[in-house]
Amino acid sequence: MNNDYLHPELYTWDIDWERWCKKFIHPQTLSKDWNAIVEERGADIYTWPMFTKDFCEMIIEEAEHQATWTVDRHANYPTTDFLLQEIGLREMYMKVLHQFGFKIAAWVWGLSGKQWNEDMDAELFMAKYTPEAQGHLDSHIDNSNYSITLSLNDDFKGGGTYYHRQKTLVKAPTGHQCLFPMPTHKHSGRWIDEGLRYIIVAFCVKGGSI
C-alpha cells in the first residue's frame, strides 16, 4: 500500500466518524429513513444514495494516484480492479456497510440475527471499465449471499448492469448503491461506448461464510 495519499481526508474516518460522515455520506442516508430513500428498480433490485459526489471524485482520484490496478484477480471473469485494502480503505468501507448497507439489506428482506447484521463480512474491490481496456463484463453470478455495487460516476456512454432474468438495466447515479441477491440475479456489465466507468463492488456474505 502506498502511504502517499492524494486525499488524506478520506482516511480520517477513524479520527472523527461523525464529521467524516457529514462530509462524505449522503444526507438522505444519514437520516436512516429507509422508506423514504430506498427505491426498487426491478424485481429485488434496490438503490439508494449512499455517498456524496465529493467522496466519489476523491476515491477515483486516489485509486488512479496509487495505481494498484490488476487484471488477473478473477480467472473466469477477469476485470480491471483492485481490493480496497490495497489503498487502505477496506476498514472504512466495512464500517459504512455495517452502519448503513447491511442494515438496509436486513430491512428490505427481513433478515434477523447476528449473522445477517453484526457478523456480516464482504469482499471489497474497485473496478473500472473503458472501451480501450475492458469494455464490458460477461454474464455471471457473484460469490455472495447478496451484492452491493456503488456507482462512482455517471459521465460515460453505454454501460450499466443488466439483470437477465429480471430484464432490468440499472445505471445508478453517482454515489448511489445497488443491492441485489444471489444466485437469482445473474448479471453482466454492459459495454462502455465512451468514457470510463468506476464502481466499488461488495460481495456480502453472512457471518462465518468467508
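**Buried residues, cores and a pocket in a predicted model**

T161 counts as buried because its relative accessibility is 13%, where buried means under 20% relative accessible area with a 1.4 Å probe and protein chains only. The model is predicted, so that local features need pLDDT of at least 70 and side-chain atom pairs count only at pLDDT 80 or more, while totals for chains, interfaces and linings use all residues. Residues are numbered from 1 along each chain as its sequence is written, and side-chain values use heavy atoms, with hydrogens and water left out.

T161 lies in strand β8; strands (E, at least two residues) and helices (H or I, at least four) are DSSP runs numbered from the N terminus. The side chains of T161 and R197 are joined by a polar contact of 3.1 Å, that is, a pair of N or O atoms within 3.5 Å, one able to donate a hydrogen and the other to accept it. With neighbours within four places in sequence left aside, T161 is in contact (heavy atoms within 4.5 Å) with T168, L169, V170, H187, S188 and R197.

R197 and V170 are also among the residues closest to the centre of the second largest pocket, together with S151, K171 and A172. A pocket is an open set of points on a 1 Å grid over the protein atoms alone, where a 1.4 Å probe fits, with protein on both sides within 12 Å along at least five of seven lines; lining residues have an atom within 4 Å of a point. The second largest pocket holds about 150 Å³ of space. Its lining comprises eight nonpolar, six polar and three charged residues, and β6, β8 (161–163), β10 (176–181) and β13 each supply at least two residues of the lining.

H176 is found in strand β10 and counts as buried because its relative accessibility is 18%. Beyond residues up to four places away in sequence, H176 touches W48, P49, M50, T149, L150 and S151.

The largest nonpolar core has 48 residues, and W20, F51 and F55 have the most contacts inside it. Such a core is a set of buried Ala, Val, Leu, Ile, Met, Phe, Trp, Tyr and Cys residues joined through side-chain atoms within 4.5 Å. Elements that each supply at least two residues of this core include α1 (17–24), α4 (53–66), α5 (90–109) and β4 (121–129). The largest share, nine residues, comes from α5. Leaving aside neighbours within four places in sequence, F51 is in contact with residues including W20, F24, Y93, V96 and L150. Apart from this core lies another, of nine residues, among them F125, Y129, F156 and F203.

Notes:
Buried < 20%, exposed > 50% of the residue type's maximum accessible area, 1.4 Å probe, protein only. Points joined across faces, edges and corners; volume = space filled by probe spheres on them. Nonpolar A, V, L, I, M, F, W, Y, C, P; charged D, E, K, R; others polar.
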